[in-house]
Amino acid sequence: MTIPVQYPSAARPARITRKFTAPGGLSLPHEGVDIYAPRNTNVRAGAAGEVMRVVLSNDQLNYGPYVNILTKVGAEKIRVFYANLKDITVKAGDVVTLGQVIAKSAGDSIKLVIQSPPANP
């Protein structure tokens with residue numbers, strides 16, 4: 001299935017700093033991708049949807065602060081996680097539009113993870 005999610009950052013050059021790795025190969029799995037985004041870069045929703053969860057500190061997922069947005073692709077519901085964030089501007093229950101600013105990057109990259117099922121963004 002192709003999942004139409006746009007890059008969540010306008011930082012240039014647009015580049016992936018760590019690739020998706022599926023479970024089972026010779027290397028450790030890496031859910032999602034890390035995308036270059038200097039500290040304080042606006043992070044934008046890569047797809048429209050509903051904010052399901054906002055975590056302001058590290059939790060069991062070890063993503064640091066993150067936003068979880070539920071979006072629909074056809075009949076499928078897809079969860080998209082945006083992590084390594086600060087200054088989060090949305091809350092659970094908000095409906096976001098494509099390109100809406102949801103936070104700022106906390107470091108030098110944004111983690112983008114797509115689940116339901118896990119997929120390579």
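This section describes the strands, nonpolar cores, loop residues and salt bridges of a predicted model.

The mean pLDDT of the protein chain is 78, and 66% of its residues reach 70 or more. Where pLDDT is low, the predicted coordinates should not be read in detail.

An open sheet is formed by three strands in the order E3-E9-E7, with antiparallel pairing. Strand E3 (42–44) and strand E7 (85–86) are the edge strands, and each of them pairs on one side only. Between E7 and strand E9 (residues 101–105), the antiparallel pairing runs over two bridges. Lys86 has Lys104 in E9 as its bridge partner.

The largest nonpolar core contains 20 residues, of which Val67, Ile69, Tyr82, Val96 and Ile102 touch the most other members. At least two residues of this core come from each of strand E2 (33–36), strand E5 (66–73), strand E6 (76–83), E9 and strand E10 (109–115). A second, separate core has six residues, among them Tyr63, Phe81, Ala83 and Val113. With neighbours within four places in sequence left aside, Ile102 is in contact with Val67, Ile69, Tyr82 and Val96, among others. Its contacts also include Val43, Arg44 and Ala45, as well as Asp87, Ile88, Thr89 and Val90.

Thr71 is located in strand E5. With a relative accessibility of 6%, Thr71 counts as buried, because the cut-off for this class is under 20%. The side chain of Thr71 reaches the backbone oxygen of Ala48 at 2.5 Å. When residues up to four places away in sequence are not counted, Thr71 touches Ala47, Ala48 and Gly49, and also Glu76, Lys77, Ile78 and Val80.

Two asparagines have positive phi values. Asn40, which is not a glycine, has a positive phi of about 75°. Asn40 is found in the loop between E2 and E3, and its relative accessible area of 39% makes this residue partly exposed. For Asn84, also a residue other than glycine, phi is positive and near 70°. Asn84 lies in the loop between E6 and E7 and counts as partly exposed at 27% relative accessibility.

Side chains of opposite charge can pair when their charged atoms come close. The count of salt bridges in the model comes to two. In one of them, the side chains of Asp34 and Lys111 meet at 3.1 Å, N to O. Asp34 lies in strand E2 and Lys111 in strand E10, so this pair ties together parts that are 77 residues apart in sequence. Asp34 is buried, with a relative accessible area of 13%, and Lys111 also counts as buried, at 17% relative accessibility. The other salt bridge joins the side chains of Asp94 and Lys91, at 3.0 Å from N to O. Here Lys91 is exposed, with a relative accessible area of 53%.

Technical notes. Residues are numbered from 1 along each chain as its sequence is written. This is a predicted model: local features need pLDDT of at least 70, side-chain atom pairs count only at pLDDT 80 or more; totals for chains, interfaces and linings use all residues. Side-chain values use heavy atoms; hydrogens and water are left out. Two strands pair if DSSP finds at least two bridges between them. Helices (H or I, at least four residues) and strands (E, at least two) are DSSP runs, numbered from the N terminus. A nonpolar core is a set of buried Ala, Val, Leu, Ile, Met, Phe, Trp, Tyr and Cys residues joined through side-chain atoms within 4.5 Å. Buried means under 20% relative accessible area, exposed over 50%, partly exposed in between (1.4 Å probe, protein chains only). Contact means heavy atoms within 4.5 Å. pLDDT is the predictor's confidence in each residue, from 0 to 100. A polar contact is a pair of N or O atoms within 3.5 Å; within protein, one must be able to donate a hydrogen and the other to accept it, and residues adjacent in sequence count only if both atoms are side-chain atoms. A salt bridge is a side-chain nitrogen of Lys or Arg within 4 Å of a carboxyl oxygen of Asp or Glu.
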